[in-house]
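Dear colleague,

Please find below the structure for your attention. My notes on it follow directly after.

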Amino acid sequence: MKIAVLSGKGGTGKTLVAVNLAAVSRQATYIDCDVEEANGHLFFKPEWLKKEDIAVKVPQVNEDLCDGCRKCVNFCKFNALVYIKDKLQIFEEICHSCGGCLLVCPFKALKEKDKVIGVIQKGVSDNVIIYTGLLNPGEPSGVPIINKLLSKENVPENQLTIIDCPPGSACVVMESIKDADYCILVAEPTLFGVHNLNMVYQLVKLFNKPFGVLLNKCLPEDNPAEKFCRENRIRILSRIPFDNNLGTLNSNGEIVVKKEKKYQQLFSSLLDTVVKEVQYETTANP
Amino acid sequence: MKQLLILSGKGGTGKTTIASAFIRLAEAKAYADCDVDAPNLHLISNWDSPPARKDYYGLPKAMIDLDLCVECGICQANCRFDAISFKGKYEINPYACEGCSVCEFVCPAKAITMMPAVAGELMLYADAEKVFSTAQLKMGSGNSGLLVTEVKKQMKAAAKTEAKIAVIDGSPGIGCPVIASLSGVDMVLIVAEPSVSGISDMERIIKTAAGFNTRIAVCINKFDINREKSIQIKEICEKENLDFVGKIPFDPAVVKIINSGQSIVEVDCISGSEVKKVFQKTMGLLLKKA
């Protein structure tokens, strides 16, 4: 069972929810897909077991074979190749690794080499297996790392897997929720929170994912996120009140379910609710 | 025109809240929201008239003409993005297609063409004095860096010559939209949050921004939620030789002010008066002759 936690807006509490859901379960795999800013490991402080470089393919030119025909330059839709001063220049950061330049080169002057863009680490902390991906600063796209993180060998079939997604609703989020059985949308009670909740709401609807909303940082005042859920008949899974103590524990990298009984209960019951929802979905829409 | 870009690494540290305060305090004649994945600045910018809207075309996407397709599978074998599948017929997943044109090139039956595709929308608010450039990327789209570049271009093209300062609200993370927003700006203000996550992300955004040789200043938002971590942030600034421009306390009034569509300097509140000090220091650095 794969549960993705996403939010649209940053800082609403995705990692808080994902980490604590995994920690409160009997056994889980936690996958941190926010490869630009992976934070889950700061809470689990795992014992690292494995580290693997993630590379993409980029072209390199054999200048003896290149005759300057510029077919590759003209073909590249990403403008990653230029021919200046009788030399082919390759901008590796812009390259999307499509392999087109190799196909169009009449002289086989281009070859591919591996370029490391980040790492994946596997670790363990009590009952949780942790996979974390980290994109190197300066690299534009974490998608290849996310794909690798969510590859079959990391995601056990019949076990609970919690996927901590990046913010936004762009390609990286789509990759992260692609195979999820259920999506938890975490929302905060602000104008910004609602605007971005609406975006991920549209995204999960587009991909036909079963989902529910978790309202975080709830204040006694009117909650615009709750109003949005009511108006759109969206299932509210749970509410976490605004709590200074929770904020402090979280800012110190503590896992709150291990520190406070009431959060242990809150996240246990959230997990139960979600597991039931998924089981219902799989029987209703197999 | 001096351009100030506001970044944070971690999301939700207060970029937009601080950007909106700065825009107000500077009476900025030009500003932009480069968080094209999840733009919010327009929600508290209070323009009377609607923006001029323009479709943003990303790279064209592949389309298969099934009448011409001979089902040879060469396109699928050459697509690096797993965008082509066969379920009784060959199909292209427009969300996975990155527009590289390899399939069009390899197809022996000329069954594939690249078709223009809308990947987002650019919006420009303008009146006699000021301009505000923003955009919204279409869900699930990639290549947000190109749209960020368009947002900045649109702002610069529309800005009046007397616009001295441009405030640019950035996006979280360190990836392509952030990298695109960094090019050409005069200074970066990082809004840091005193938490283990906030510090880890701040260090990564500092590394990313350092590659651009831009002046970097740091402020702490909600510094009092964890004073120890706030001290740690200041120490990092000293070590990295970054300008520290102040700290803003946690203020329960902020949520209400933002939810009423205002910036925190329009209402009398503690975060508003502290952000003014951060603003003064930041402007001092931005306008200082290099």
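In this predicted model, chain A contains an open sheet of nine strands with mixed pairing, and their order is β3-β6-β7-β2-β8-β1-β9-β10-β11. The edges are formed by β3 (47-61) and β11 (236-241) of chain A; each has a single partner strand, so one side of each is left without a neighbour in the sheet. From one strand to the next, the twist averages 20°.

Within this sheet, strand β2 (residues 28-32) of chain A runs parallel to strand β7 (residues 128-135) of chain A, and five bridges join the two. A:Ile31 stands opposite A:Tyr131 of β7(A).

Helix α1 (residues 14-24) of chain A lies across β1 (2-6), β2, β7, β8 (160-164), β9 (182-187) and β10 (211-218) of that chain, and runs at about 165° to β8(A). Helix α8(A) also packs on the sheet, where it touches β9, β10 and β11 of chain A, and its direction makes about 160° with that of β10(A).

Helix α8 (residues 224-231) of chain A has a helical partner as well: its axis and that of helix α7 (residues 191-206) of chain A come within 8 Å and cross at roughly 35°. On the α7(A) side the residues involved are A:Leu191, A:Gly193, A:Val194, A:Leu197 and A:Asn198, and they meet A:Pro224, A:Ala225 and A:Phe228 of α8(A). By class, this contact of α7(A) with α8(A) has six nonpolar, two polar and no charged residues.

Turning to chain B, its secondary structure comprises nine helices and 13 strands. The C-alpha trace of chain B spans about 70 × 45 × 40 Å along its principal axes. Of the 290 residues in chain B, 54% are buried. Among contacts in chain B with a separation of 6 or more, 76% are between residues 24 or more positions apart. The domain assignment gives domain 1 (2-57 + 124-287) and domain 2 (61-116) of chain B, and the centres of these two domains, taken over C-alpha atoms, are separated by 41 Å.

One residue of chain B deserves a separate note. Is B:Lys15 buried or exposed? B:Lys15 is buried, because 28 other C-beta atoms lie within 10 Å, where 20 or more are required. This lysine is in helix α1 (residues 15-26) of chain B. Leaving aside residues up to four places away in sequence, B:Lys15 touches B:Ile6, B:Leu7, B:Ser8, B:Asp169, B:Gly170 and B:Val191.

Yours sincerely

Conventions. Residues numbered from 1 in each chain as written. Chains lettered and ligands numbered in written order. Predicted model: local features only at pLDDT ≥ 70, side-chain atom pairs only at ≥ 80, totals over all residues. Helix = DSSP H or I, 4+ residues; strand = E, 2+ residues; numbered from the N terminus. Buried ≥ 20, exposed ≤ 12 C-beta atoms within 10 Å, placed from the backbone. Contact = placed C-beta atoms within 7 Å. Domains from an automatic or database assignment. Axes fitted to C-alpha atoms, helices over the stretch in contact; angles between N-to-C directions. Nonpolar A, V, L, I, M, F, W, Y, C, P; charged D, E, K, R; others polar. Pairing = 2+ DSSP bridges.
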